[in-house]
Amino acid sequence: MPVKRLSGVQLQVQDPERLARFYSDVLGMTARSENGGWRAGYAGADADLVLQPGGRPVQHSRDERYWKIGICLPDLDTACEQLRQKGIEVSAPHQFRNIGYMAHLHDPEGFAVELLQHDFQGKRPDGAGDPALPLGGGAHLGQITLRTGDIAAELAMRADMTLLSVQDVAEFGFDLHFLAYTDETPPDPDLQAVGNRTWLWKRPYTTLEFQHIAGADLRDSPAFLGLEIT
């Protein structure tokens, strides 16, 4: 097995404890204080949110380096219904092209959170989710998403990671690349194959996702302190 692991995304926020409690109480993570900040995450091999103090209120925008986290789960409809019952505003689940069945929300400090079902719309197995469990059970942090204007440079800097999937979203002006510290290989050697996508959403580890907007001039995200790799 690989020695390295993508174990966290480090964010500087206004109120680490309050934000960690949101991820715990609303999204089913476990939260604990750590080194003057807070850490929130699911059990398993996926990454955590490492929340540090000192952040300030900012309007997040599409020209920033940091974009979002993605939470993968077995039953998106159950998860969204639970969130609405808690008073959380979440978008209607929808099948986005041939990429995934997803919904979106924002946490109390304005960071984007994507909810992504393991299976495409209409393909979810019966009994995949348990309404008695947070988000229907089985949730894990599937993606940490950064933006880039130069994917070749990103791939060169991360040559020790495995490229698992490339997804073209040309009508929106970008493509997606997913990397991980893993020795697994996708079922289809064609990294653009649609069949690899639901396989990817079910991986127990966190992938580093790049939204590649060719030639984009991106600014540093004030809140993004970097990735934790252990």
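Visitor: Which elements are included in what covers the buried residues of α2?

Guide: This is a predicted model, where local features need pLDDT of at least 70 and side-chain atom pairs pLDDT 80 or more, while totals for chains, interfaces and linings use all residues. Residues are numbered from 1 along each chain as its sequence is written, and side-chain values use heavy atoms, without hydrogens and water. Helices (H or I, at least four residues) and strands (E, at least two) are DSSP runs numbered from the N terminus, and contact means heavy atoms within 4.5 Å. The cover of the buried residues of α2 includes β5, β7 and β8.

Visitor: Which residues of helix α2 are buried?

Guide: Buried means under 20% relative accessible area, with a 1.4 Å probe and protein chains only; over 50% is exposed, and in between is partly exposed. In helix α2, residues 76-85, the buried ones are L76, T78, A79, C80, Q82 and L83.

Visitor: At the start of α2, which residue's backbone nitrogen does a side-chain oxygen of D75 reach?

Guide: A polar contact is a pair of N or O atoms within 3.5 Å; within protein, one must be able to donate a hydrogen and the other to accept it, and residues adjacent in sequence count only if both atoms are side-chain atoms. The side-chain oxygen of D75 comes to within 3.2 Å of the backbone nitrogen of D77.

Visitor: How many disulfides does a search of the whole structure find?

Guide: A disulfide is counted when two cysteine sulfur atoms lie within 2.5 Å. For C72, the nearest cysteine sulfur is that of C80, 13 Å away. The search of the whole structure gives a count of zero.

Visitor: What is the relative accessible area of C72?

Guide: C72 is in no disulfide. C80 is also buried, at 0% relative accessibility. C72 is buried too, and its relative accessible area is 1%.

Visitor: What is the volume of the largest pocket?

Guide: On a 1 Å grid over the protein atoms alone, a pocket is an open set of points with protein on both sides within 12 Å along at least five of seven lines, a cavity is a set where a 1.4 Å probe fits but cannot get out, and lining residues have an atom within 4 Å of a point. Grid points are joined across faces, edges and corners, and a volume is the space filled by probe spheres set on the points. For the largest pocket, this volume is about 340 Å³.

Visitor: Which residues lining the largest pocket are the closest to its centre?

Guide: The elements that give two or more residues to this lining are β5 and β7 (100-106). Of the 19 lining residues, the closest to the centre are W67, H106, G110, F111 and A112.

Visitor: Which element gives the largest share of the lining of the second largest pocket?

Guide: The second largest pocket holds about 280 Å³ of space. Its lining has 19 residues, with W67, F96, E114, F174 and Q211 nearest the centre. The largest share, three residues, comes from β11.

Visitor: Which elements each supply at least two residues of the lining of the second largest cavity?

Guide: The residues that line this cavity are L11, L19, Y23, L49, L51, Y66, I69, D107 and F111. The elements that each supply at least two of its lining residues are α1 (16-25), β4 (48-52) and β5 (66-73).
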